[in-house]
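Here are my notes on this model. Please read them alongside the coordinates.

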2 protein chains.
Amino acid sequence: MSPTPPPLPEFKLALLGFGNVGQALIELLLEKRADLEINPGISFKVVGIASGSHGRAIDPRGLPMQEILKAYRKGEALSGFSSLEVNTSEEFAHKCGADVLFESTPVNYQTGQPALEYIKIALENGLHAITANKGPVVHGYRDLTKIARQNRVSFLFESSVMDGAPVFSLARTGFPGARIQEFSGILNSTTNLILSRMENGETQEEAIAYAQSIGIAETDPSGDVDGWDAAVKVAALVTVLMDVPFLPQDVDRVGIRSLTHDLIHDAAERGNRWKLLCRARLDPESARGVLAEVKPTEIGPDSQLYHITGTSAILQIKSDVLGNLSLIEDSPSTKTTAYGMLADFLNAVT
Amino acid sequence: MSPTPPPLPEFKLALLGFGNVGQALIELLLEKRADLEINPGISFKVVGIASGSHGRAIDPRGLPMQEILKAYRKGEALSGFSSLEVNTSEEFAHKCGADVLFESTPVNYQTGQPALEYIKIALENGLHAITANKGPVVHGYRDLTKIARQNRVSFLFESSVMDGAPVFSLARTGFPGARIQEFSGILNSTTNLILSRMENGETQEEAIAYAQSIGIAETDPSGDVDGWDAAVKVAALVTVLMDVPFLPQDVDRVGIRSLTHDLIHDAAERGNRWKLLCRARLDPESARGVLAEVKPTEIGPDSQLYHITGTSAILQIKSDVLGNLSLIEDSPSTKTTAYGMLADFLNAVT
């Protein structure tokens, strides 16, 4: 008879925010449970879920994930699953009793709140904090990283830029000792899809309406169309990759509203495409040490950027030791974003 | 008065192999010394260098790197710098007294020797072993990784595929819990350069002669032209990324000799390019669980692969959770390869 194997380390997980990303994360956790028990050899239970509109549930014995997904999608409140009363998200972050908090609440990009506060509470309580939000990265990277270190936990945010594509894990382990000098990319998939559809003959209004119909553009599309989402991503990348604190308002930002069908048609005649190009480079002469912009730019077919169409994204990183390195993500989905959070969890605990 | 800061942790380094890559590594270490003292906050000295043709030097007090580079390039023997006698590379690996061994000797791709043996000695003696060679990865990945783990050191090999581009560190931290299902790429820069030059009108012989003149093709170009180098890289990637032991001879391999100027011209007429395409995919039906090939393939302009010209390289990875993710390295150099080894060192010790 072989001896009973030792039990797997079990992690208690909590989700703060239960929109598309939170639900996709639960689905992915269910899909991957058996795989993760083999490699890296861990188990988990979800002890807390806090939604914006359907209440909160905490149960230290583990919540029934399938049933919660079903109930939530029928519009039922989560509180029916809860073993204790929780009235606010702050209280949830305090009381959930988890080892890991996955944060994906709606966030104000001007302040990073309230996500910033939730993450701080989690880290101070000794939880690993994982966010899909750019806001806390832009507004709290240094502070939160320091608090995480003091509490011997991790603050990770892979899904905040380019969905689950491993941008930040690449920066952490792929570039040690390197000086990242500049980067460029196409980082907002909504505007890239709009521009691709305008190349195929739609007006900007029609293309926006399409993006709204498939759920990737908001009712008010200005966050994407005016370049704010791209600017927040640029600021997050400057903050982390170049280690220079940088705010969205520090980015020289022009959106795509001025790109008419005629301009796009004329570029096509020259064999080119308009792209909402994101760029940043170290510049010791500048006030903040970095110059960064988001700007519609005409790109020729010799550039890798030209071939990034629809919702795909690219980031090109230039360093003093690796020349130009590009990372391209083809047609991401909500599952991709959920995977970035799962990857952060596994990198935090293994 | 502020107190004296504690001394930085100092690492003793040894280089086994002192060709272009070894010399570029010494240059990079010199260039980066001051940076590394600040971040990640380490210092180092080189205590041993073993060359193939100019002897070996060991000095526990640290070798004078600038002087050694100069002497070596004048054709002088390294033994003049040595504080003890060392007669073989095995003896060097035993006696160098380092914390880290950088291995870049010429290697037999059929057996992985003698690099495999040197690395084994180093790991068993408690050194981190870092190699730029594909041979030990293909022939020893599981064993060497196990020996490394037993001795609480690292066996790393970032520079063995795509120079210093962070392929393996991406696979280590970018895909936790993921199942890599297939990959494709252009991984041999010599044949890619040859094909690019043939598109511009050269014959294959002329293009090979050019690649030899700039030092990227061997006097006997068959390792590149017949697809062996690409096949070894595919085998290394299957072995590590898919965790399936795989040998170069398991790769279905066709080189580029049959690609005449006419074939290349005809493809161009159709708007396409010939590329030496590397591919592998999980296939539970197949004998080894993976099917892999290296084969000239006509590629259209809609593919990212089409735009990889000259010595640039691309790897596209498809997994169950991230869709298609591409990593592109533009025009690498020997410095890039040296950086891959430096990155391995920093990832091993920090």
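1. A salt bridge here is a side-chain nitrogen of Lys or Arg within 4 Å of a carboxyl oxygen of Asp or Glu. Over all chains, the structure holds 44 of them.

2. Conventions. The model is predicted: local features need pLDDT of at least 70, side-chain atom pairs count only at pLDDT 80 or more, and totals for chains, interfaces and linings use all residues. Residues are numbered from 1 along each chain as its sequence is written, chains are lettered from A and ligands numbered from 1 in the order written, and side-chain values use heavy atoms, without hydrogens and water.

3. Chain A has an open, mixed sheet of six strands, ordered β3-β2-β1-β4-β5-β6. Strands are DSSP runs of E, at least two residues; helices are runs of H or I, at least four; both are numbered from the N terminus. Two strands pair if DSSP finds at least two bridges between them. β3 (56-58) and β6 (155-156) of chain A are the edges.

4. A:Lys45 in β2 bonds to A:Glu10 in β1, so the pair ties together parts 35 residues apart in sequence. The closest N and O atoms of A:Lys45 and A:Glu10 are 3.8 Å apart in this salt bridge.

5. A:Glu31 and A:Lys335 form a salt bridge at 3.3 Å, N to O. A:Glu31 sits in helix α1 and A:Lys335 in helix α12 (residues 334-349) of chain A, 304 residues apart.

6. A:Asp35 and B:Arg179 meet in a salt bridge at 3.0 Å, N to O. This pair crosses between chains. A:Lys32, A:Asp35, B:Arg179 and B:Asp320 are linked in a salt-bridge network.
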